[in-house]
Structure formats: C-alpha cells, structure tokens
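Student: I'd like to learn how to read a structure like this one. Can we go through it together?

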Amino acid sequence: ATGPTRVIYLFEYDSSSVPETSELTAIADKAKKAGFTLDVKAYTDEHGRLAYNKRLSERRARAIGDYLIAHGVPASKVSIHGMGPTHAFANDAQDRRAEVVIVK
C-alpha cells in the first residue's frame, strides 16, 4: 500500500487536541486497507511537573488513537503509549510530539 509508514504530529503547548490533518488520515487509510496495526507514542516537553506531563502525554496518545479509530482503523489495531516528557528532540516544539508508526 502507498502512503506513509510513520507520521510525526506536533502538539501545541499544553494541548492534546488533534484537528483534521492529512498526514494522520493518510496513515489511517493505509493501515485500514492493509490491516496493519498502528503504534502511537506521545510525549511532552519538560516544562511543568512530571506527573502532569505523564498524564498529558497519555491524553495526547489517546487523542491520536481516537482520531485514527474515527478514520476507520479498528480499535484493536491501535496501540497507544503516553511516554511522558522528553528532551530527545531539537527543541520544545519538537518534543511535544506523537509518533505514529505502522507495525506490520
């Protein structure tokens, strides 16, 4: 199937909302057609308290998962993980991310 095998979605500061976005829709369509599982990992930047950021990352992962399910991916094929805060990426904006990867 054509389409992305990995999508990075960047969240606004302190937000877990996911507006309609073509990249997420494309990976949902690809997974749906091929029966692939999608693995979602969501992160926050390091500002604020650890416990809060852990919960925020879980809300972000769930929001992405809900988006994929709403776009036709069976719930059983969506695996979500709130990873908490990270500083693994170039800057705070890049740290506020969800990564959606196709798992065959």
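This is a predicted model: local features need pLDDT of at least 70, side-chain atom pairs count only at pLDDT 80 or more; totals for chains, interfaces and linings use all residues.

Student: Is Asp39 buried or exposed?

Tutor: The cut-off for buried is under 20% relative accessible area. Asp39 has 14% relative accessibility, so it counts as buried. Its side chain also has a polar partner: a contact of 3.3 Å joins it to the side chain of Ser79.

Student: Let's zoom out to the strands. What holds a sheet together?

Tutor: Strands of a sheet pair through backbone hydrogen bonds, and they can do it parallel or antiparallel. Here, 4 strands make an open sheet with mixed pairing, in the order E1-E4-E2-E3.

Student: Which strands stand at the edges?

Tutor: Strand E1 (6-10) and strand E3 (78-85) do. Each has a single partner strand, so one side of each has no neighbour in the sheet. From one strand to the next, the twist averages 15°.

Student: How many bridges join E1 to E4?

Tutor: There are 5 bridges between E1 and strand E4 (residues 97-103), and the two run antiparallel. For a spot to look at, find Ile8, which stands opposite Glu99 in E4.

Student: And where do the helices go?

Tutor: For a helix, check which strands it lies across and at what angle. Helix H1 (residues 22-34) lies across E1, strand E2 (37-44) and E4, and it runs at about 150° to E1. Helix H2 (residues 50-70) lies across E1, E2, E3 and E4, at about 155° to E3.

Student: Now a loop, please. Where does Glu46 lie?

Tutor: Glu46 is in the loop between E2 and H2. Glu46 has 48%, so it is partly exposed.

Student: What does Glu46 contact, leaving aside neighbours within four places in sequence?

Tutor: Glu46 is in contact with Asn53, Pro85, Thr86 and His87. Pro85 is 39 residues away along the chain, but the C-alpha atoms of Glu46 and Pro85 are separated by 5.2 Å. With His87, the side chains of the two residues make a polar contact of 3.2 Å.

Methods:
Residues are numbered from 1 along each chain as its sequence is written. Side-chain values use heavy atoms; hydrogens and water are left out. Two strands pair if DSSP finds at least two bridges between them. Axes are lines fitted to C-alpha atoms, for helices over the stretch in contact, and angles run from 0 to 180 degrees between N-to-C directions. Contact means heavy atoms within 4.5 Å. Buried means under 20% relative accessible area, exposed over 50%, partly exposed in between (1.4 Å probe, protein chains only). A polar contact is a pair of N or O atoms within 3.5 Å; within protein, one must be able to donate a hydrogen and the other to accept it, and residues adjacent in sequence count only if both atoms are side-chain atoms.
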